Amino acid sequence: VLSKRVTQSPCVLVAPEYGVTANMERIMKGQTLAESASVQTAKRIMEINTRHALVDELRRRAKENEDDPEAIEAADVLYQVAALQSGYTLDDVNHFATQMHRTLKQSLNLDPNTNLVEEEEYVVEEEPEDPYFSAEEGGEKKPKTESGAEEAGGASAVEEEDPKKFEDHDDL
């Protein structure tokens with residue numbers, strides 16, 4: 001349906017006046033005893049913003065070649081994005097993710113068939129030793145005492161340095 005009320009988005013999906021809304025469809029799917037075959041799916045009406053640049057480009061490409069694979073995939077992505085924005089769930093989330101990955105690769109000028117790149121070797125720098133903690137097996141760190149030995153009680157090195165540091169002063 002060509003829309004006059006959609007002004008910013010390329011398209012939206014809406015429910016008919018007396019049809020099942022996206023929220024009601026989600027509630028019915030979430031019912032404990034609901035079987036996937038018995039759940040009524042909402043009839044969806046796609047309202048298209050003919051003034052949007054994406055819709056205009058898709059229209060132009062469809063005029064030139066009805067079987068343009070990029071235009072077909074772009075129209076499918078537009079439908080799925082509109083469904084998500086309108087609150088509907090996707091039947092095949094993995095298909096949508098694959099399309100989004102392919103779209104991202106194209107926008108970054110990457111080969112759509114490339115998945116992994118060669119591993120690079122990285123130089124791992126050792127972190128400097130913390131003067132207040134000593135490294136222990138398993139990655140945990142324990143506080144050091146004045147002498148550098150590990151504390152069994154877990155008191156911090158600051159507490160051991162000067163026990164009178166926190167006493168009240170009478171001269172204040």
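User: What order do the elements of the protein chain run in, from the N terminus on?

Analyst: They go β-α-β-α-α-α-β-β-α, which comes to 5 helices and 4 strands. Helices here are DSSP runs of H or I with at least four residues, and strands are runs of E with at least two, numbered from the N terminus. This is a predicted model, where local features need pLDDT of at least 70, side-chain atom pairs count only at pLDDT 80 or more, and totals for chains, interfaces and linings use all residues. Residues are numbered from 1 along each chain as its sequence is written, and side-chain values use heavy atoms, with hydrogens and water left out.

User: Why is Asp91 called exposed?

Analyst: Exposed means over 50% relative accessible area, buried under 20%, and partly exposed in between (1.4 Å probe, protein chains only). Asp91 has 76% relative accessibility, so it counts as exposed. You'll find Asp91 in the loop between α3 and α4.

User: And what makes Asn109 exposed?

Analyst: Its relative accessible area is 71%, so Asn109 is exposed. Asn109 is in the loop between α4 and β3 (133-135). Its phi is near 55°, a positive value in a residue other than glycine. For background, most residues other than glycine have a negative phi.

User: How do you know that Lys105 has no salt bridge?

Analyst: A salt bridge needs a side-chain nitrogen of Lys or Arg within 4 Å of a carboxyl oxygen of Asp or Glu. For Lys105, the nearest side chain of opposite charge is Asp111, 7.9 Å away. On charge, Lys and Arg count as positive, Asp and Glu as negative, while His and the chain ends are not counted. So Lys105 is buried yet has no salt bridge.

User: Which residues is Lys105 in contact with, leaving aside its neighbours within four places in sequence?

Analyst: Leu110, Asp111, Pro112, Thr114 and Asn115, with contact meaning heavy atoms within 4.5 Å. Lys105 itself is found in helix α4 (residues 93-107).

User: How do helix α2 and helix α3 pack?

Analyst: Helix α2 (residues 53-64) and helix α3 (residues 69-85) pack at an angle of about 145°, their axes 10 Å apart. Those axes are lines fitted to C-alpha atoms, for helices over the stretch in contact, and angles run from 0 to 180 degrees between N-to-C directions.

User: Which residues of α2 and α3 meet?

Analyst: From α2 it's Leu54, Leu58 and Arg61, and from α3 it's Glu70, Ala71, Ala74, Ala75 and Leu78.
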